Protein chains: 2
Amino acid sequence: MAILVMGHMNPDTDSIISAIAVADLLSKRGMEAKAVAQGEVTPESAFVLGKFGLTAPEVVTSVAGQKLWLVDTTDGAQLPADIKEAEVVGVTDHHKLGDVTTSNPLEMWVWPVGCCGTVIKAMYDFYGIEVPKGIAGGLLCAILSDTVMFKSVTTTPADKKAVAELAAIAGVADTTTVGMDMFKVKSAVDGASMESLVFRDYKDFDMNGNKVGIGQLEVIDLSMLDAVKEGLFAEIQKVKAGGRHSVFLLLTDIMKEGSEMLIVSDDPSVVKKAFGVEVAGKSVWLDGVMSRKKQVVPNFEKAFKG
Amino acid sequence: MAILVMGHMNPDTDSIISAIAVADLLSKRGMEAKAVAQGEVTPESAFVLGKFGLTAPEVVTSVAGQKLWLVDTTDGAQLPADIKEAEVVGVTDHHKLGDVTTSNPLEMWVWPVGCCGTVIKAMYDFYGIEVPKGIAGGLLCAILSDTVMFKSVTTTPADKKAVAELAAIAGVADTTTVGMDMFKVKSAVDGASMESLVFRDYKDFDMNGNKVGIGQLEVIDLSMLDAVKEGLFAEIQKVKAGGRHSVFLLLTDIMKEGSEMLIVSDDPSVVKKAFGVEVAGKSVWLDGVMSRKKQVVPNFEKAFKG
């Protein structure tokens with residue numbers, strides 16, 4: 001039975017490329033493995049796949065009875081509903097440790113770095129296996145995407161080193177140009193539905209018993225979102241109505257290096273508790289905040305506990 | 001603030017030596033780190049520490065407000081009661097993934113191998129740091145102990161390779177002699193209280209909502225336990241009375257390669273469900289069963305679910 005290599009719901013480029021890369025690595029270690037994803041790829045991921053000749057993973061949303069290798073998450077809430085009926089045999093991740101447990105010993109590669117892709121590069125090196133050219137290109141884009149071209153506070157020296165080494169393998173002379181091209185695709189909102197924009201990079205969290213959704217849209221200029229901001233707000237109101245305490249949508253300006261956060265909450269005072277800023281209208285500007293994982297989720301977790 | 005490197009309750013040689021080794025490795029990576037343990041060392045561990053000039057870790061049983069690196073476990077039930085008030089920044093383990101979660105990204109080295117020591121040897125290699133001679137001796141003993149001198153089904157080629165490499169560093173010419181000396185110390189029961197024998201290597205598990213205790217005594221000849229078997233049975237009856245569904249004590253004969261399991265349970269039929277053997281008296285012989293982690297815990301988890 002092939003090991004299914006799977007990332008989180010609403011897969012981003014890191015989840016997609018990491019699944020492809022780990023499946024390749026496991027195959028070369030002699031295991032039968034196959035990359036899958038919990039949903040269709042984003043325009044950004046489609047751009048990366050196309051640029052480096054990679055194929056989008058098959059969509060799989062039920063995993064009962066399967067062997068799984070998780071990439072980019074260990075949170076049950078971000079995995080298929082029947083995750084407890086699957087056997088997790090491995091994990092590659094760069095997030096906080098979630099609530100997935102196993103019945104058997106497993107292999108885990110988890111580092112506090114900017115991107116799963118950085119961990120996977122180390123796995124290839126550790127096992128003495130060459131990174132294929134196309135996968136190297138995909139991984140370097142995943143790292144540039146997750147670290148917002150090294151501007152995010154999640155960026156570590158290991159991420160920069162991995163990108164430099166992967167660029168050499170992929171034959172990419174100018175990673176900044178590739179990164180900007182990718183973020184231009186990511187920034188494009190024309191023609192996309194409000195729903196698809198909110199869920200482009202959206203995750204639900206359990207915070208002290210409250211269901212909290214946090215989405216993020218990264219653009220190279222916040223003004224690109226002026227025309228859709230009202231629509232996005234109406235859309236997260238709908239999402240909140242599905243049994244959530246709060247839904248936050250981060251509109252991240254990667255050049256200004258900060259985020260406007262749209263807020264719909266049963267108790268908007270959690271935003272003040274989390275970030276020390278007063279909430280007057282529908283949103284606040286959070287200067288320097290670009291990372292959901294490192295700057296937003298931990299602050300909200302503390303605020304919901306207190 | 002120093003990172004405390006800590007193993008599970010009732011620390012075995014792997015937990016003790018792994019804490020010492022990881023603290024050494026983290027220090028050499030530029031972090032402040034200190035090995036600690038949740039209890040006094042066993043006679044076996046004392047033998048290993050003495051033989052290789054290592055010092056027993058300080059006993060620490062409360063960790064609120066501390067930074068922790070866990071070795072040899074990720075199970076909350078095997079950690080201090082205030083574990084949720086500590087920040088887990090790293091994990092080195094070779095068990096199933098337990099219920100510890102974190103609020104921040106962390107570093108995890110988890111492999112499905114026979115011993116944490118094997119993973120730690122790879123960590124030293126990965127970071128290009130030399131294993132100190134004394135720690136190499138300790139790690140090789142930890143691996144020989146956990147794998148029962150490579151007789152346990154948990155043994156992997158990686159464990160054997162690590163022992164060979166560590167023996168060269170430690171200057172140990174004959175690992176079999178060191179292993180037998182260690183297991184002779186471990187086998188000695190003269191003068192030990194029944195309580196200390198039951199808890200020498202004991203763990204509580206949550207199995208489908210039931211608290212289940214499983215202890216293990218490894219001896220080089222089961223007949224060494226004839227004089228204490230009744231006393232051990234009386235002792236696990238006491239342990240069970242402390243709110244447990246079942247307590248099982250594995251008396252493992254490392255030369256015969258099997259275990260006699262003493263049984264006290266609200267529902268002894270779980271033993272038949274788990275191992276397919278009829279329970280007539282106070283114990284059963286489980287041929288070939290030497291590993292609690294790989295042969296006993298998974299079988300009981302299935303039996304308690306069904």
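## The model and its interface

The model is predicted. Chain A puts 25 residues in contact with 25 residues of chain B. Together the two chains bury about 2,400 Å². Carbon and sulfur atoms account for 65% of that area. Three residues stand out on the chain A side: A:L97, A:P105 and A:M108. They supply 27% of the area that chain A buries against chain B, more than any other three residues.

What kinds of polar link cross the interface? The rule finds zero salt bridges between chain A and chain B. Polar contacts are present, with a count of six residue pairs, both residues at pLDDT 80 or more. Three elements of chain A each supply at least two residues of the side that touches chain B: strand 6 (107-110), helix 3 (116-126) and helix 10 (292-305). By class, that side of chain A has twelve nonpolar, seven polar and six charged residues.

Strand 6 of chain A pairs with strand 6 (residues 107-110) of chain B. Three bridges join them, and the two strands run antiparallel. Within this pairing, A:V110 stands opposite B:M108.

## Strand 9 of chain B

Is strand 9 (residues 246-253) of chain B enclosed or open? Eight of its eight residues are buried, so strand 9 is largely enclosed by the rest of the structure. Both of its faces are covered. On one side lie B:S246, B:F248, B:L250 and B:T252. On the other lie B:V247, B:L249, B:L251 and B:D253.

Strand 9 of chain B has a parallel partner, strand 8 (residues 210-219) of chain B. Eight bridges join the two. In one of the pairings, B:G215 has B:L249 as its bridge partner.

## A close look at B:T252

B:T252 belongs to strand 9 of chain B. Its relative accessible area is 0%, under the 20% cut-off, so B:T252 counts as buried. Which side chains make polar contacts with that of B:T252? One is the side chain of B:Q216, at 2.9 Å. Another is the side chain of B:S259, at 2.7 Å.

Beyond four places away in sequence, B:T252 touches B:Q216, B:L217, B:E218, B:V219, B:G258, B:S259 and B:M290.

Strand 11 of chain B runs antiparallel to strand 10 (residues 258-265) of chain B. Five bridges join these strands. B:G258 has B:D287 of strand 11 as its bridge partner.

## Two residues with positive phi

A:F150 has phi near 70°, a positive value in a residue other than glycine. This residue lies in the loop between helix 4 (133-146) and helix 5 (157-170) of chain A. A:F150 is partly exposed, with a relative accessible area of 27%.

B:D72 also has phi near 70°, again positive in a residue other than glycine. Its place is the loop between strand 4 (67-71) and strand 5 (87-93) of chain B. Is B:D72 buried or exposed? B:D72 is buried, with a relative accessible area of 1%.

Note on methods: Residues numbered from 1 in each chain as written. Chains lettered and ligands numbered in written order. Heavy atoms only, no water. Contact = heavy atoms within 4.5 Å. Buried area = accessible area lost by both parts, 1.4 Å probe. Salt bridge = Lys/Arg side-chain N within 4 Å of Asp/Glu carboxyl O. Polar contact = N/O pair within 3.5 Å; in protein donor to acceptor, adjacent residues only side chain to side chain. Helix = DSSP H or I, 4+ residues; strand = E, 2+ residues; numbered from the N terminus. Nonpolar A, V, L, I, M, F, W, Y, C, P; charged D, E, K, R; others polar. Pairing = 2+ DSSP bridges. Buried < 20%, exposed > 50% of the residue type's maximum accessible area, 1.4 Å probe, protein only.
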